[in-house]
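Here are my comments on the structure you sent. They are set out as numbered points.

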Amino acid sequence: AKISKSLEAFQTARVAYEKLSTLKIPNDWLSEIEIGNLMVRSKPFSDKENLVPICNRCIHDNQIIIQDEVCTTCYHKFVRSSISYEILPLVEF
């Protein structure tokens, strides 16, 4: 969640804080997490544009945290580079 905030990926930070709220957290960390959650809620509801993965098939913006590594619109499977972990623009012939 802290890394998402520093990268200005506020939607991802919201998801991380939401997941943290379901976990059993030590009391020492609880106030820090609650303050971070409130701070993120005052920010825009979107991630920074250059961090969002874009489907090369339908040109749709997807969330950073994706369940099955597929586009949420056209269900095209993302293939990532093993070196840079970027989504490769593969085309099927």
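**Notes on the model**

1. The lining of the largest pocket comprises seven nonpolar, three polar and three charged residues. Please keep in mind throughout that this is a predicted model. The volume of this pocket is about 320 Å³. Among its 13 lining residues, those closest to the centre are Leu-51, Pro-53, Arg-80, Glu-86 and Ile-87.

2. One cavity of 30 Å³ or more is counted, and the largest cavity has a volume of about 40 Å³. Its lining consists of Gln-11, Thr-12, Val-15, Asp-47, Gln-63, Ile-64 and Ile-65. By class, three of the residues lining the largest cavity are nonpolar, three are polar and one is charged.

3. On the overall fold, the chain has three helices and zero strands, and its elements run α-α-α from the N terminus on. The chain is more spread out than a compact globule, because its radius of gyration is 16 Å, well over the 12 Å that the globule rule gives for 93 residues. Along the principal axes, the C-alpha atoms fill a box of roughly 55 × 25 × 25 Å.

4. Of the 93 residues, 24% count as buried. Among contacts in the chain with a separation of 6 or more, 37% are between residues 24 or more positions apart.

5. Is Arg-14 buried or exposed? Arg-14 sits in helix H2, which covers residues 10-22. It counts as buried because its relative accessibility is 15%, and the cut-off for buried is under 20%. The side chain of Arg-14 reaches the backbone oxygen of Lys-43 at 2.9 Å. Leaving out residues up to four places away in sequence, Arg-14 touches Val-40, Arg-41, Lys-43, Pro-44 and Phe-45.

6. Lys-5 belongs to helix H1. With a relative accessibility of 30%, Lys-5 counts as partly exposed. Beyond its neighbours within four places in sequence, Lys-5 is in contact with Phe-10, Ala-13, Tyr-17, Gly-36 and Val-40.

7. Backbone angles need a comment at two places. Most residues other than glycine have a negative phi. Glu-8 is not a glycine, yet it has a positive phi of about 65 degrees. Glu-8 lies in the loop between helix H1 (2-6) and H2. At 40% relative accessibility, Glu-8 counts as partly exposed.

8. The other place is Ile-59, also not a glycine, with a positive phi of about 55 degrees. Ile-59 is in the segment after helix H3 (27-41). It is exposed, because its relative accessible area is 61% and exposed means over 50%.

9. How far apart are the C-alpha atoms of Lys-5 and Ile-59? They are separated by 26 Å, and the two residues are 54 residues apart along the chain. Lys-5, in helix H1, is partly exposed at 30% relative accessibility, whereas Ile-59 is exposed at 61%.

Methods: Residues numbered from 1 in each chain as written. Predicted model: local features only at pLDDT ≥ 70, side-chain atom pairs only at ≥ 80, totals over all residues. Heavy atoms only, no water. Helix = DSSP H or I, 4+ residues; strand = E, 2+ residues; numbered from the N terminus. Buried < 20%, exposed > 50% of the residue type's maximum accessible area, 1.4 Å probe, protein only. Polar contact = N/O pair within 3.5 Å; in protein donor to acceptor, adjacent residues only side chain to side chain. Contact = heavy atoms within 4.5 Å. 1 Å grid on protein atoms, 1.4 Å probe; cavity = no way out; pocket = protein on both sides within 12 Å on 5 of 7 lines; lining within 4 Å. Points joined across faces, edges and corners; volume = space filled by probe spheres on them. Nonpolar A, V, L, I, M, F, W, Y, C, P; charged D, E, K, R; others polar. Rg over C-alpha atoms; globule rule 2.2 N^0.38 Å.
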